[in-house]
Every structure is written in C-alpha cells, then in structure tokens.
Amino acid sequence: MKIIQITDLHLGCDKNYSTFEVNTYQSARMIVNHIAESHKDLDALVISGDISDDATKESYSNLLDITDKIDTDIYLMPGNHDSIKEIKECASSNKVNSELYFTHGNWIYFMFNTKKDGSPNGFLKQNEIEIFRDMLSKNKDKYFMVFLHHHPVEIGSPTMDKMIIENANILLDLIQQNELIRGVSWGHIHNVFETDLNNAKLFSTPSTCYQSKPKSKTFIIDTGETPGYRVIYFSSNGNLETQIIRVS
Ligand SMILES: [Fe+2]
C-alpha cells in the first residue's frame, strides 16, 4: 500500500491568492501534478488539513480542480483554517472522502479532526477517541496509521508549540500501550520533524506552499526550502517506510 500525504495548501477563493509571497494555487498544482506524473501506482492521497486559507466554497472548488488528475481515492481532513461544512460538501463528489477512517489490507488508517472551534490549537474529540479505542481493541490483527492536522508532540518551536494538540497525551498514552500503532503523521508546522515512540514512527509533512524554519523561536519563513510531499509505504508485516519529496 502506497499513500501520499500532502498538507497545508492554504488555497484562497481567488486562484491568484498569495500568502508569504507564494501563490498557493500554483504551488499546490505543481505538487499534485508531480504526484500524478511520478506515482502511477498510488493507492490513496491524504490531505491533512489547512486545505483552504479562507474557508470559502471557491477555495474547495480550487482543490477539486487541482486534484482532477489524481485517479485514486482522496481523503480530506480539516485544519484550523478549514470549514468542516465545505469539506463535507467537497467530499460528496466522486473519489473524494472525509470519513474518519478507512481500511486497506491489514492496515487501518485513522484521520482525527483536530480542529478546535475558535482557536488555532489542536484538540482531540472525545467521540473520535472512543471510536479509535474501540477499533484498537476489536482489531488485534490490524496495524494502525494515524493522520492529524496538528502536532501531537513538541517540535522545539515555541510559537508553534503553543498550538500543539492540547490533549495529545491521550493519543501518546495509546501509542505507549499499543504496539499495533505504527505511524502518526501531521501537517500544520510547514516543515519536517521526525521522532518515534514505542513501535510508532512520528513525523510531519511539509506544506505544498511556504515553508517555515525548523526549531525557530518565532515563526520564520524558510526561503531556502521548497514545497514538498510525503510518500508512505505500508507492508503487510506492519512495517512502514517513508520519504519526503521536494519539488521546485
Ligand atoms: Fe494549521
């Protein structure tokens, strides 16, 4: 199973919209075109939030326009900038989904909604935690991959770490207690961070638009880094391999 994760597209209602001197539509289109041309064997595309920058209907139409060349299933999840209502409408079209999880072979892919109303911070919802816990206890023969928008561990950037998933310890405890959770990946931080916990690899994926300097005290744009995406390979023995691909 081969999944590609893209994240933090920050699309506007206008295709000419730029933020931090990047045209987000053109940048996301460049990334998705690269994926469509380079990964004909792709099984799914996961888009881990901040799809939109302004939460408008038009920004999600721009997403559908950009992903038109992708033939596989696409899974959307919200970030702090997104409209959940618009994501659900967007996901009513062919091949685009916004379910909480999907199963393929002996892996379960679980996509939490970490958007906290009225706040840029992340938060895990009790009902989603309960569903995840239930799936863990009922599927001892499956491996688990978790996708999030916000980071569940501190990344060493004080400004960003204020927006961490406030109750991430619930997820971290589950990883400590359960050897079948093999991976956790997120977006939001616009750079690459990698660590591990028990049997799980924990990592972020770079944005399709502007990049930020890792481990900086305040939020600083990294003009020396290009947009990118993450490829993740899932083996039937529970092994997971991953790589970042940068595009310019
Ligand atoms: Fe975000």
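Residues are numbered from 1 along each chain as its sequence is written. Because the model is predicted, local features need pLDDT of at least 70 and side-chain atom pairs count only at pLDDT 80 or more, whereas totals for chains, interfaces and linings use all residues.

The protein has six helices and 14 strands, where helices (H or I, at least four residues) and strands (E, at least two) are DSSP runs numbered from the N terminus. Its radius of gyration is 17 Å, close to the 18 Å that the globule rule gives for 248 residues, so the protein is as compact as a globular protein of that length; the radius is taken over C-alpha atoms, and the rule is 2.2 Å times the number of residues to the power 0.38. Along the principal axes, the C-alpha trace spans about 50 × 40 × 30 Å. Of the 248 residues, 41% count as buried, a residue being buried if 20 or more other C-beta atoms lie within 10 Å of its own, exposed if 12 or fewer, and partly exposed in between, with C-beta atoms placed from the backbone. Among the contacts with a separation of 6 or more, 65% join residues 24 or more positions apart, two residues being in contact if their C-beta atoms, placed from the backbone, lie within 7 Å.

An open sheet of six strands has the order 6-5-4-1-13-14, with mixed pairing; two strands pair if DSSP finds at least two bridges between them. Its edge strands are strand 6 (96–97) and strand 14 (240–246), each of which pairs on one side only. Strand 5 (residues 73–77) runs parallel to strand 6, to which it is joined over two bridges, and Y75 has N97 of strand 6 as its bridge partner. Strand 10 pairs over four bridges with strand 9 (residues 143–147), where F144 stands opposite I181, and over four bridges with strand 12 (residues 200–204), where G183 stands opposite K201.

Helix 1 has 15 residues and reaches 21 Å from its first C-alpha to its last, close to the 21 Å expected at 1.5 Å a residue, the expected span being 1.5 Å times one less than the number of residues. The buried residues of helix 1 are T24, Y25, S27, A28, R29, I31, V32 and I35, and these pack against strand 1 (2–6), strand 2 (18–19), strand 3 (22–23), helix 2 and strand 13 (228–234). In helix 2 (residues 57–66), the buried residues are S59, Y60, N62, L63 and I66. Seen down the axis of helix 2, these residues fall within an arc of 150°, so they line one face of the helix; the arc is that of the directions from the helix axis to the C-beta atoms. They pack against helix 1 (24–38) and helix 3 (84–90).

The largest nonpolar core holds 52 residues, of which A28, I47, Y75, L76, F110 and V146 touch the most other members; such a core is a set of buried Ala, Val, Leu, Ile, Met, Phe, Trp, Tyr and Cys residues joined through C-beta atoms within 7 Å. When residues up to four places away in sequence are not counted, V146 touches F110, F112, I181, G183 and V184. M111, in strand 8 (residues 107–111), counts as buried because it has 25 C-beta neighbours inside 10 Å. With the same exclusion of residues up to four places away, M111 touches Y75, M77, L100, Y101 and F147. M111 and L148 are 37 residues apart in sequence, yet 6.0 Å apart in space, C-alpha to C-alpha.

D8, which is not a glycine, has a positive phi of about 55°; D8 lies in the loop between strand 1 and strand 2, and its 29 C-beta neighbours inside 10 Å make it count as buried. For D50, also a residue other than glycine, phi is positive and near 50°. D50 is placed in the loop between strand 4 (44–48) and helix 2, and D50 counts as buried because it has 26 C-beta neighbours inside 10 Å.
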